[in-house]
Amino acid sequence: MAAPLYRRFTKNPYVNGFVKGVTAAAVGAITGAVFILGARTLVDGKSLLIAVTSLGILSLTKRVPEPVLILAAGLVGLFLMRDGR
């Protein structure tokens with residue numbers, strides 16, 4: 001419903017400036033949240049290994065569904081708990 005309204009105002013420099021500003025603010029907020037969550041979550045070798053495994057899966061595949069990534073990270077966590085490391 002908002003897309004036709006936005007298309008009507010795409011040539012307006014004020015609307016374009018507003019959209020660019022909102023996009024930059026959202027990217028900054030997400031990036032800040034990633035750093036805060038990472039600093040609070042990656043506290044030991046196990047959590048770091050799960051994060052590296054997830055990053056590896058994301059890097060090696062073009063697109064992986066989120067449930068598959070969560071399942072893979074959960075399996076790594078279960079393996080680490082069973083292994084006793």
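**A walk around a helical chain**

Visitor: How many helices and strands does the chain have?
Guide: Keep in mind that this is a predicted model. Going from the N terminus, the elements read α-α-α-α. So the secondary structure comes to zero strands and four helices.

Visitor: Is the chain a compact globule or more spread out?
Guide: For 85 residues, the globule rule gives 12 Å, but the radius of gyration here is 20 Å. The C-alpha atoms fill a box of roughly 60 × 25 × 20 Å along the principal axes.

Visitor: How far apart are the end C-alpha atoms of helix 2, and what span should we expect?
Guide: Helix 2 covers residues 13-41, which is 29 residues. At 1.5 Å a residue, that should span 42 Å. The end C-alpha atoms agree with this, sitting apart by 42 Å.

Visitor: Which residue caps the N-terminal end of helix 2?
Guide: Look for a side-chain oxygen 2.8 Å from the backbone nitrogen of Tyr 14. That oxygen, capping the N-terminal end of helix 2, belongs to Asn 12.

Visitor: Does Thr 53 count as buried, exposed or partly exposed?
Guide: Thr 53 lies in helix 3, residues 45-60. Buried means under 20% relative accessible area and exposed means over 50%. With 27% relative accessibility, Thr 53 therefore counts as partly exposed.

Visitor: Which residue's backbone oxygen does the side chain of Thr 53 reach?
Guide: In an α-helix there are 3.6 residues a turn, so residues three or four places apart point the same way. The side chain of Thr 53 reaches, at 2.8 Å, the backbone oxygen of Leu 49.

Notes. Residues numbered from 1 in each chain as written. Predicted model: local features only at pLDDT ≥ 70, side-chain atom pairs only at ≥ 80, totals over all residues. Heavy atoms only, no water. Helix = DSSP H or I, 4+ residues; strand = E, 2+ residues; numbered from the N terminus. Rg over C-alpha atoms; globule rule 2.2 N^0.38 Å. Expected span 1.5 Å × (residues − 1). Polar contact = N/O pair within 3.5 Å; in protein donor to acceptor, adjacent residues only side chain to side chain. Buried < 20%, exposed > 50% of the residue type's maximum accessible area, 1.4 Å probe, protein only.
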